[in-house]
Amino acid sequence: MSHVTSTSDGAFTPRPGAAPLSRMIRAQAALETRMLLRNGEQLLLTVVIPTLLLVLFSAVDIVDTGDGEAVDFLAPGVLALAVMSTAFTGQAIATGFERRYGVLKRLGATPLPRWALMTAKTCSVLVTEVLQIVLLTVIAFALGWSPQGNPFAVLLLLVLGTAAFSGLGLLMAGTLKAEVTLAAANLVFLLLLVGGGVIVPMEKFPGGVRAALELLPISALSDGLRDVLQHGAGMPWGDLGILAVWAVLGLGAAAKFFRWE
Amino acid sequence: MRSVFPGDTPEAPGRPAVEVRGLVKRYGPKTAVDGLDLSVARGGLTAVLGPNGAGKTTTIETCEGYRRPDAGTVRVLGLDPVADAAALRPRVGVMLQSGGVYAGARAEEMLRHVASLHAHPLDVPSLIDRLGLGSCGRTPYRRLSGGQQQRLALAMAVVGRPELVFLDEPTAGLDPQARHATWELVRELRTDGVTVVLTTHYMDEAEALADDVAIIDSGKVIAQGSPEELCRGGAENTLRFSGRPGLDLGSLLKALPAQSTAAELTPGTYRVGGRIDPQLLATVTTWCAQNGVMPDRIAVERHTLEDVFLELTGKELRA
């Protein structure tokens, strides 16, 4: 801050003005990220659970993961889980309580525009995801992971997955009570962890159930990442399409139904 | 939206900082604000005084752009709080009645953040010092005391150096020391040229701070003026004294001028109302002497805003 004044005589003399937008968004994103990294429950969800699943299921043969190294099957699934934990579960719970405690309301009275607040939230989600992905990638390599495929396809999947989960998370946070969001977001996380191809191969489910489960955003993301990283496929257009539809529906509904107070 | 104040430019000098005309706000079947008119002079300190549920917060939050009027118009610094929100936000400081801070944020961290959203913020450490928030240290917001949370909310409202601040019950729940620290800061804001609008249900707060008081009841302003103007109403004052219970007040009333009142409030405490002048005081003490009563704790009380409120509404302010 370059223009500061001590609170001595005349300190409160009005001198209003908004900070430059880029500075506001940076400050907001940094604050949101700090809040997330400081929250123990959030860290459990975004760091501890994905890491434990990756290590545990790679080291111990609990689930039949098909041919090849278990870690080659598990790493893409756990990356998908990491995206869901941050963009959906973590964001839904945090935003739900921000709404409940009047944080969104109060920020609405600052010079920070709402779209800039949402931009900052997205930046914070992306920063967290980068940290998660770096950590999980390092651990996966240590476990003998040998990924293949086009990095651009991976990036596209991660971005569309983030958009799809963010839309659904914000829809939940902006329409339900904070306590309901807390319970529902955790329940959905657990259900999708089991039924979304994260650690349990989709082949384990009967045909009809499997066809429905494959339309879920988590299944599209884990399946797409696995196609590329495990099997070296090109662009997984089907999965990208499913994620794009979820992103449009989720973000559209969130924009329409989100309540700030 | 067309201005309903033709011929006025938003920045016209002398134009009120806040103009509310015929404001109506309903929540379902409940009418929270019912045709309210309010004018706030630039550079002054206006207290919006009323009991809980009178419509104070709804009125303030409409001025802050949080609510759209169901009828009537609101202008803040000459602008529409909803349509011109982007232009107003940097210029207006807001203190909500509660909340507004991340549960895990520290006081200084949150204040620094709000400061960083403004172009010319106050120095955060001196503001922290000033409001006695230095002891909060690394404690997260959710574990601060109610008073500390209130003071942080106040600091957040002023850190951006606004022209106008809305403070919704800034001292509710504060201990006397913190309350006076808040009063000092609010007075200083006014001295430095900030227009202050605060809501309160403490009449002593309104009397101590405000240039102008708007008394609100059931969603309407029922009186507005300086505390002196409001309290002068009829120049009625009160004389209180204690004595033995059950005195015959009939003989006292005969000795007092017409239009005086006398009542035994609780056994042994008496109140005389009317134009209290030295002659009346002498009459009362003479009557006491004749009746062999030692008037204990005799006191002349000036008319307070509480009395004004009671007279206007027939209700106690702090119901």
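## Helices 3 and 5 of chain A

Helix 3 of chain A and helix 5 of chain A are roughly antiparallel to each other, a term for angles over 145 degrees. In this predicted model, helix 3 (residues 70-100) and helix 5 (residues 114-142) of chain A pack at an angle of about 150 degrees, their axes lying 10 Å apart, where axes are lines fitted to C-alpha atoms over the stretch in contact and angles run from 0 to 180 degrees between N-to-C directions. Helix 3 of chain A passes helix 5 of chain A in a right-handed crossing.

## Helices 9 and 10 of chain A

Helix 9 (residues 217-229) and helix 10 (residues 237-257) of chain A also pack at an angle of about 150 degrees, with axes 8 Å apart. Helix 9 of chain A is therefore roughly antiparallel to helix 10 of chain A. The contact (heavy atoms within 4.5 Å) involves residues including L221(A) and D227(A) of helix 9 of chain A and W246(A) of helix 10 of chain A.

## Charges over rings

A charge sits over a ring if NZ of Lys or CZ of Arg is within 6 Å of the ring centre and within 35 degrees of the ring normal. R226(A) lies over the face of F73(A), at 3.7 Å from the ring centre, and in chain B the charged end of R179(B) is placed over the ring of Y202(B), 4.6 Å from its centre.

## Basis

Residues are numbered from 1 along each chain as its sequence is written, and chains are lettered from A in the order in which they are written. Local features need pLDDT of at least 70, side-chain atom pairs count only at pLDDT 80 or more, and side-chain values use heavy atoms, with hydrogens and water left out.

Conventions: Helix = DSSP H or I, 4+ residues; strand = E, 2+ residues; numbered from the N terminus. Parallel < 35°, antiparallel > 145°, perpendicular 65-115°, else oblique. Left-handed = near helix turned anticlockwise from the far one by under 90°.
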